[in-house]
Amino acid sequence: MSTPDAPRLRRHRIDWEAASLELLFKALTALAVLFLLAPSVIVILTSFTSSASLKFPPPGLSLRWYVALFDADQMQRAAWNSLQVAFWTTLISVTLGTAASLAIARSSSPWIRAADVLFMSPLVLPALAFGFASLIFVYRLGFRPNLPFLVLAHVVVCVPFVLRTTLAALTQLDPALLDASTSLGASPWMTFRRVTLPLIGRGVAAGGFLAFMASFDNVPVSLFLADERTEVLPIHLWQQIETNLDVRTAAASGLIVLFTLVLMIAAERFAGLTRQLR
Amino acid sequence: MDGNAAPSRTAALRQLSQAAHRGHDLRLEQITHRFGDGIAVNGVDLHVTGGELVALLGPSGCGKSTLLRIIAGFISQTAGRVLFDGALVDHLKANRRGVGIVFQNYALFPHMTVAENVAYGLQAHHWPKERIAPRVAEMLDLVHMNAFAERRPSQLSGGQQQRIALARCLAIDPKILLLDEPFGALDKNLRLDMQIEVKRLQRIAGITTLLVTHDQEEALSMADRIAVMNKGRIEQVAAPTAIYDQPASLFVNQFVGTTNVFAGEVIEISAHYVRVRLDGGAVITALPGSAFSVGARIIVTIRPHHLRLAPSTGSDGMPGVVKTVLPLGPEVVYDVETAGGRGVKVVVARDADLAPVEIGQSVHLVPLALHSFRIFAA
């Protein structure tokens, strides 16, 4: 007697389970979105304040702090430094990362695997420790921290992004295409330029975008390797907040959010960023 | 050759048949290739004369693809020599060998148009710009694909992609053409059309061709000669009919066409025949082939077409009971269970006037001729 009833009962219970699970996931997602967006929204709203303090909600709205950015020489210099560092970091990371991933994808040697792990390690190792270590390293070499060293250190932590996206693109690349190119008489360089690069280009571009962003808002490495002259934007903003609660930092943050959004939309359009990262 | 001439099929054909006179000769000498502990190709000798189409036929993992990659120059063999026209090519990199390959998935460059795909090899060979466009048009004309020059490969059907792959490959006038399972991805009707088309182009071009395939029908229908490969070795090289009718080994016999296999023991040998007792108990008479002594354990095979069903009154042949009858249009396929429970396939032409033998009927299986049986060492 109990046998025919059992499936119905169980089905009933599963329905409840599924419903509550779905509710739970929806709640968690909403919470996650809230936590991700809320800080940015608060900063942007605050940046439009008319008052002289970082108060939320703002008592009145104005653009005075954005206007004030025009006179913020130090902040502008820091932003220019950050852009320069991010540009060179991206250029070098893309070049080295692409070259490394080509070798890694092509070889099955255990040494190459080891190199892969080594190149990826900055992603998991504490960047603070790496920043400190590189500062000691630079001094031991007899130098003082400067822009080239800052760029080099950024390259170390940004290469993994290029490596991952390019390797992912390379695994999608049909090796028969490379064989076809070779058998048609193409040199390795021609094969790379005409076949490999166009087909993995989006992966490389996605990695370049990530590397750029990672360099642009890197704090732990810059903290050690940036000095007065090479001060970068995130560090400068941090110091402004710490010393005098400068409202201009909110305006600068607003601009950074806008800048990032524009870059992301561009990356999505031209490189299909989210598809490359999947 | 006038590169500026209006592209026409006749021009392309004329040029290709001029190439026919220099069909290149391919020779493999004692090619051996090891991967770690495994041996993929084991002492292969093969000579393909100019303009000939030879099929490398074998199951997957038999080493045929490795052999193809060695000829193309993608991998270097562990031992042995590859010669084109008697000249060693082992030192030549893959992009300098002049070997054209049509890949199983065609390997067309997805980010280029059809015309760009065909032009690619010409650019790689540093053809002057003004000669490339006419040559591309010529090649597309040859494979009846002019109308598709500006399409992307993804917009083409499988058969069309294959035509482009072939045009791209022939454009650079390769010495040797390698076809790597080229028809595997096509549906059955199209496959036959493309086989005819490829064979036509190969004939016109007179280009020495190696067709790598695991499909026996493909090999039988297309090749001038077939080299059957198994476990890294070539078991037999012969014309398709010889491969089918006089298989040199049990493997060839079983791999090419279907066959019934029996184990047995030689019980009598004379100058004209050999008598074998099959493990089921039946005694059969065959022609003496290789040297076997009385008492030797052997394998006897016979193709389903070489058996007929006789009423179970005579004592000749193998007794059995019909288990399955499949009338397949012009033929009827019978599955007959013989002594010892072994199922034997028999295919006979269907006689419209005679009703097929029915299921459950006792019959005797009789060979059409003594030479229908083939005997191999067990």
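How many of the eleven residues of helix α3 (residues 114–124) of chain B are buried? Nine are, where buried means under 20% relative accessible area with a 1.4 Å probe, protein chains only. Helices here are DSSP runs of H or I, at least four residues, numbered from the N terminus.

This is a predicted model; local features need pLDDT of at least 70, side-chain atom pairs count only at pLDDT 80 or more, and totals for chains, interfaces and linings use all residues. Residues are numbered from 1 along each chain, chains are lettered from A, and side-chain values use heavy atoms, without hydrogens and water.

**Helix α3 of chain B**
- Its buried residues include B:Val114, B:Asn117, B:Tyr120 and B:Leu122.
- They pack (heavy atoms within 4.5 Å) against α7 (175–183) and α8 (188–216) of chain A, and against α4 (129–142) and α5 (158–171) of chain B.
- Just after α3(B), B:His126 has a positive phi of about 55°.

**Cysteines**
- The whole structure has zero disulfides (cysteine sulfur pairs within 2.5 Å).
- B:Cys62 counts as buried because its relative accessibility is 2%.
- B:Cys169 is buried, also at 2% relative accessibility.

**Largest pocket**
- A pocket is an open set of points on a 1 Å grid over the protein atoms alone, where a 1.4 Å probe fits, with protein on both sides within 12 Å along at least five of seven lines; lining residues have an atom within 4 Å of a point.
- Of its 22 lining residues, A:Arg106, A:Leu178, A:Asp179, A:Thr182 and A:Thr191 are the closest to its centre.

Methods: Buried < 20%, exposed > 50% of the residue type's maximum accessible area, 1.4 Å probe, protein only. Helix = DSSP H or I, 4+ residues; strand = E, 2+ residues; numbered from the N terminus.
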